[in-house]
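Subject: Structure handover

Hello,

Here is the structure I said I would pass on. My notes on it follow below.

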Amino acid sequence: MPSNLTLSEILLATYPLPPASLEKLLALAEYVELPKGTVLFRDDALAHHVYVVQRGLARVYARRADREVTFWFSEEGSVVASIRGYTEQTVSYETVELLEDSGLFRLHMRALHALYREDLHLANWGRVMVERVWQQTEQQLIARQFRTAEERYADLLYHSPHLLHRVALGHLASYLGITQVTLSRVRAKLK
């Protein structure tokens, strides 16, 4: 998605909102510029914000004793939220780190939930946003269970070839559910 989209365009791409509802959501947003390496959410802390990426790239991952497992990448036009923090107001299981210097719109989660209680259109926007995250997670789970490493890499090449230039190979391998050695073999085979 182009990085010159306005916040209104990004929000309306998720779910159509009437002008009055959109204005309420826009009033919550604070634009922030954050450097590469900034952690938006930690797996050991309660998340207090939802972010909309206007420019930049973030990686969503879980830490394990011996490695990090990447769930997905959030780029321009994406809404980034700790799903557990968003839905249950509890500590998240994922960490979100910026992989590039980024321009984001930050919305305070408590204020966002208050808007949901007073505006059905905004509540539906929030529901659709979470449904999309669930769909993305389900697709990733199915791909890891039923597709080969080569099929997963070919799918990445088809749908998101730009990630090869923006993301470290170790993160890509983790996202694909394979080792970096396997990724190197798959890349050589598919060249």
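This is a predicted model: local features need pLDDT of at least 70, side-chain atom pairs count only at pLDDT 80 or more; totals for chains, interfaces and linings use all residues.

Two strands are said to pair if DSSP finds at least two bridges between them. Strands β4 and β5 form a hairpin, with four residues between them. Strand β4 covers residues 57-63 and runs antiparallel to β5, the two being joined by seven bridges. Within this pair, arginine 59 stands opposite phenylalanine 73 of β5. Strand β5 itself, residues 68-75, is mostly covered, as six of its eight residues are buried.

Next, the open sheet. Four strands make up this sheet, in the order β1-β8-β3-β6, and their pairing is antiparallel. At the edges are β1 (30-34) and β6 (79-80), each of which pairs on one side only. Strands β3 (residues 49-55) and β8 (residues 102-108) run antiparallel and are joined by six bridges. Here valine 50 stands opposite leucine 107 in β8.

Helix α1, residues 7-14, lies across β3, β6 and β8. Its direction is at about 115 degrees to β3.

Two other helices pack against each other: α2 (residues 19-28) and α5 (residues 120-146), at an angle of about 65 degrees and with their axes 9 Å apart. The crossing of α2 past α5 is right-handed. On the α2 side the contact is made by Ser21, Lys24 and Leu25, and on the α5 side by His121, Leu122 and Trp125. Sorted by class, these are three nonpolar, two polar and one charged residues.

One residue deserves a separate mention. Glutamine 89 has a positive phi of about 55 degrees, although it is not a glycine. Most residues other than glycine have a negative phi. Glutamine 89 sits in the loop between α3 (83-88) and β7 (95-98). Is glutamine 89 buried or partly exposed? Its relative accessibility is 45%, so glutamine 89 counts as partly exposed, the class between buried, under 20%, and exposed, over 50%.

Finally, the record. An unreviewed UniProt entry places the feature "domain: Cyclic nucleotide-binding" at residues 13-133. Over residues 13-133 the chain is 35% helix and 36% strand.

Regards

Terms used
Residues are numbered from 1 along each chain as its sequence is written. Side-chain values use heavy atoms; hydrogens and water are left out. Axes are lines fitted to C-alpha atoms, for helices over the stretch in contact, and angles run from 0 to 180 degrees between N-to-C directions. A crossing is left-handed if the near helix is turned anticlockwise from the far one by less than a right angle, and right-handed if clockwise. Contact means heavy atoms within 4.5 Å. Ala, Val, Leu, Ile, Met, Phe, Trp, Tyr, Cys and Pro count as nonpolar, Asp, Glu, Lys and Arg as charged, and the others, Gly among them, as polar. Buried means under 20% relative accessible area, exposed over 50%, partly exposed in between (1.4 Å probe, protein chains only). UniProt positions are given in the numbering used here, feature names are shortened, and annotations may be inferred rather than shown by experiment.
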